[in-house]
Amino acid sequence: VEMTIVQNGLSEAGRAPGHQQRWPEVPHDYRDPNLRIGIVSLCAYPAEHVLPKYATSNHRIYATRHGYRYRVGTEIMDSSRPPAWGKIRLMYEALEDPTVDWWL
């Protein structure tokens with residue numbers, strides 16, 4: 001409902017729907033070949049859970065396609081916190097890697 005209100009408001013104001021390019025002169029698929037990018041993910045589910053198999057496979061394919069480094073954690077990093085907090089620790093570890101300029 002809220003999104004519909006926003007879309008209607010934009011339409012009434014005369015704005016075209018959808019994403020508007022900020023820099024139309026730059027191709028949508030531009031990649032700076034000098035920027036080394038990496039992706040950090042945490043997928044700490046029980047061994048029998050199906051999500052890690054598909055999620056990490058999808059992430060790895062995406063990273064490989066774009067020439068990104070990919071780091072994934074599969075263990076709970078701190079049992080005193082919810083599992084998602086482990087991603088912060090993984091990110092800290094990734095930041096030590098001098099071969100990557102920008103981690104996502």
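Leaving aside neighbours within four places in sequence, R60 is in contact with Y70 and V72; contact means heavy atoms within 4.5 Å. This is a predicted model: local features need pLDDT of at least 70, side-chain atom pairs count only at pLDDT 80 or more, and totals for chains, interfaces and linings use all residues. Residues are numbered from 1 along each chain as its sequence is written, and side-chain values use heavy atoms, with hydrogens and water left out.

**Overall layout**

- The chain holds three helices and three strands. Helices (H or I, at least four residues) and strands (E, at least two) are DSSP runs, numbered from the N terminus.
- Read from the N terminus, the order of elements is α-β-α-β-α-β.
- The radius of gyration is 19 Å, whereas a compact globule of 104 residues would have one near 13 Å. The radius is taken over C-alpha atoms, and the globule rule is 2.2 Å times the number of residues to the power 0.38.
- Along the principal axes, the C-alpha trace spans about 50 × 40 × 25 Å.
- Of the 104 residues, 20% count as buried. Buried means under 20% relative accessible area, exposed over 50%, and partly exposed in between (1.4 Å probe, protein chains only).
- Among contacts with a separation of 6 or more, 67% come from residues 24 or more positions apart.

**R60 in helix α2**

- R60 belongs to helix α2, residues 51–66.
- R60 is partly exposed, because its relative accessible area is 43%.
- R60 and V72 are 12 residues apart along the chain, and their C-alpha atoms are separated by 9.2 Å.

- S41 lies in strand β1, residues 37–42. Its relative accessibility is 8%, so S41 counts as buried.
- Not counting residues up to four places away in sequence, S41 touches H59, Y70, R71, V72, G73, K87 and L90.
- K87 is found in helix α3. K87 counts as partly exposed, at 36% relative accessibility.
- With residues up to four places away in sequence left out, K87 touches V40, S41 and L42.
- Which residues of helix α3 (86–94) are buried? G86, L90 and A94 are. They cover an arc of only 80 degrees around the axis, so they lie on the same side of α3. The arc is that of the directions from the helix axis to the C-beta atoms.
- An α-helix has 3.6 residues a turn, so residues three or four places apart point the same way.
- The cover over the buried residues of α3 includes β1, β2 (69–73) and β3 (102–103).

**Salt bridges**

- Searching the whole structure gives two salt bridges. The criterion is a side-chain nitrogen of Lys or Arg within 4 Å of a carboxyl oxygen of Asp or Glu.
- D101 and R36 form a salt bridge at 2.8 Å, N to O. The pair links distant parts of the chain, 65 residues apart: D101 is in the loop between α3 and β3, and R36 is in the loop between α1 (2–12) and β1.
- D101 is partly exposed at 38% relative accessibility. R36 is also partly exposed, with a relative accessible area of 39%.
- R69 forms a salt bridge with D97, and the closest N and O atoms are 2.8 Å apart. This pair too links distant parts of the chain, 28 residues apart: R69 is in strand β2, and D97 is in the loop between α3 and β3.
- Is D97 buried or exposed? D97 counts as buried, because its relative accessibility is 13%. R69 is partly exposed, with a relative accessible area of 37%.

**Aromatic rings**

- One aromatic pair turns up in a search of the whole structure. The ring centres of Y62 and Y68 are 6.1 Å apart and the planes meet at 65 degrees, so the pair is edge-to-face.
- Rings of Phe, Tyr and Trp (its six-membered ring) pair if their centres lie within 6.5 Å; planes under 30 degrees apart count as stacked, over 60 as edge-to-face and the rest as tilted.
- Y62 is partly exposed at 41% relative accessibility, while Y68 is buried at 16%.
- The charged end of R22 sits over the ring of W23, 5.6 Å from its centre. The charged end of R81 sits over the ring of W85, 4.4 Å from its centre.
- A charge sits over a ring if NZ of Lys or CZ of Arg is within 6 Å of the ring centre and within 35 degrees of the ring normal.
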